[in-house]
Amino acid sequence: MSRKMQTNATSRAADPAALRGIFGTNLRRLSAQYPSVAGLCRELGINRTQFNRYLSGESFPRPDVLYQICKFFDVDARILLEPVEDIRPTAADLLSHPFLDGFFGDGPTHVPEEIFPSGFYSFVRRSFIDDAQFTTGLVFVSREDGYTFLRGFEPRDALRGQGLSTAASNRQFRGLVMRQEEGVIALVTHRGSLAASFNFLTPETSFQSNIWEGYATRTVREKVTGRRAARMVYEYLGHDLGLALRMARRAGLVPMEEVPPFHARLLRLNEEFR
């Protein structure tokens with residue numbers, strides 16, 4: 001840190017009100033991508049009233065709570081002193097690397113809104129683990145710095161059935177959405193994981209303009225039991241928060257009878273994935 005930055009940080013730290021204001025502003029920006037403050041508080045395990053005091057700059061979190069907030073949002077304690085956009089790590093644009101010049105470029109990362117709009121999507125696919133069950137969930141697609149991102153949370157019962165932790169940090173997944181000739185792909189992973197899934201989606205244009213169909217694959221060994229690929233359907237919900245919350249509450253593992261008929265038709269359940 002330069003001498004000037006150290007001086008500015010020190011002067012801000014000397015003013016508790018200014019420090020609380022910076023933290024509150026940062027926390028509001030970090031929280032803006034979540035559809036519900038109440039849901040976010042549940043994921044963080046923080047009292048809603050106390051969280052609102054942090055947002056308004058009325059209060060500081062205890063050190064253990066600050067650690068929890070930083071870990072959840074993938075930032076560090078500098079959110080007390082500096083605008084969050086200044087402390088985000090920067091990385092080189094891999095797809096523009098000279099080695100890949102002419103092969104990727106910015107074409108795949110430029111995903112126009114009219115091709116794959118921002119907002120909430122519900123999804124359904126056959127479970128990778130149990131053929132009699134179907135995984136349903138909710139994701140949120142957003143744009144930042146010229147990229148299109150996807151984020152969501154694994155259903156608790158899906159993780160519980162595999163003996164995995166249902167903590168928020170383990171349930172959350174994020175991905176990068178890229179444009180393809182016939183649709184979009186998404187590379188999706190969990191925090192700190194070396195495993196990923198590859199999703200391909202193309203618009204279903206026969207009847208409804210808000211439906212995408214495709215498939216999801218996961219990077220695991222071929223096994224006697226369990227699937228590595230399954231057809232998948234996305235339905236665009238727009239920015240209707242109420243509808244998104246209703247869909248989120250229904251996320252999890254469901255039997256075939258609870259899959260919407262049109263979605264089941266697109267999943268082609270009687271055909272093997274090829």
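**Close-up views of a predicted model**

α3 crosses α5 with right-handed geometry. This view comes from a predicted model. The two axes approach within 11 Å, at a crossing angle of roughly 110 degrees. That angle makes α3 roughly perpendicular to α5, because 65 to 115 degrees counts as roughly perpendicular. On the α3 side, the contact is made by Leu40, Glu43 and Leu44. On the α5 side, Gln68, Ile69, Phe72 and Phe73 take part.

**View of α3 and α4.** α3 also packs against α4, with axes that come within 10 Å. Here the crossing is at roughly 105 degrees. α3 is therefore roughly perpendicular to α4. Val37, Ala38, Leu40, Cys41 and Leu44 are the α3 residues in this contact. Their partners on α4 are Arg48, Phe51 and Asn52. Leu40 and Leu44 belong to the α5 contact and to the α4 contact.

**View of the buried side of α4.** Three residues of α4 (48–55) are buried: Phe51, Tyr54 and Leu55. Why do they lie on the same side of α4? They cover an arc of only 100 degrees around the axis, so they share one side of the helix. An α-helix has 3.6 residues a turn, so residues three or four places apart point the same way. The cover over the buried residues of α4 includes α2 (16–31), α3 (37–44) and α5 (63–73). Phe51 is among the α4 residues that touch α3.

**View of the two ends of α4.** Asparagine 47 caps the N-terminal end of α4. One of its side-chain oxygens lies 2.9 Å from the backbone nitrogen of threonine 49. Just after the helix comes glycine 57, with a positive phi of about 80 degrees.

**View of serine 59.** Serine 59 sits in the loop between α4 and α5. Is its side chain's setting buried or exposed? Serine 59 is buried, because its relative accessible area is 12% and the cut-off for buried is under 20%. Its side chain makes a polar contact with the side chain of glutamine 50, at 3.2 Å. Beyond its neighbours within four places in sequence, serine 59 is in contact with Arg20, Gln50, Arg53 and Tyr54. Tyr54 is one of the buried residues of α4.

**View of aspartate 130.** Aspartate 130 lies in the loop between β1 (119–126) and β2 (133–144). With a relative accessible area of 35%, aspartate 130 is partly exposed. Its side chain reaches the backbone nitrogen of alanine 132 at 3.0 Å. Arginine 227 is 97 residues away in sequence. In space, the C-alpha atoms of aspartate 130 and arginine 227 are 8.6 Å apart.

**View of asparagine 199.** Strand β6 (196–203) holds asparagine 199. Asparagine 199 is buried, with a relative accessible area of 7%. Neighbours within four places in sequence aside, its contacts include Val184, Ile185, Ala186 and Val188. Tyr215, Ala216 and Thr217 are also in contact with asparagine 199. Met232 and Tyr234 complete the set.

**View of the whole chain.** The chain has 10 helices and nine strands. Of its 274 residues, 40% are buried. Among contacts with a separation of 6 or more, 53% join residues 24 or more positions apart.

Definitions and conventions:
Residues are numbered from 1 along each chain as its sequence is written. This is a predicted model: local features need pLDDT of at least 70, side-chain atom pairs count only at pLDDT 80 or more; totals for chains, interfaces and linings use all residues. Side-chain values use heavy atoms; hydrogens and water are left out. Buried means under 20% relative accessible area, exposed over 50%, partly exposed in between (1.4 Å probe, protein chains only). Helices (H or I, at least four residues) and strands (E, at least two) are DSSP runs, numbered from the N terminus. The arc is that of the directions from the helix axis to the C-beta atoms. Contact means heavy atoms within 4.5 Å. A polar contact is a pair of N or O atoms within 3.5 Å; within protein, one must be able to donate a hydrogen and the other to accept it, and residues adjacent in sequence count only if both atoms are side-chain atoms. Axes are lines fitted to C-alpha atoms, for helices over the stretch in contact, and angles run from 0 to 180 degrees between N-to-C directions. Angles under 35 degrees count as roughly parallel, over 145 as roughly antiparallel, 65 to 115 as roughly perpendicular and the rest as oblique. A crossing is left-handed if the near helix is turned anticlockwise from the far one by less than a right angle, and right-handed if clockwise.
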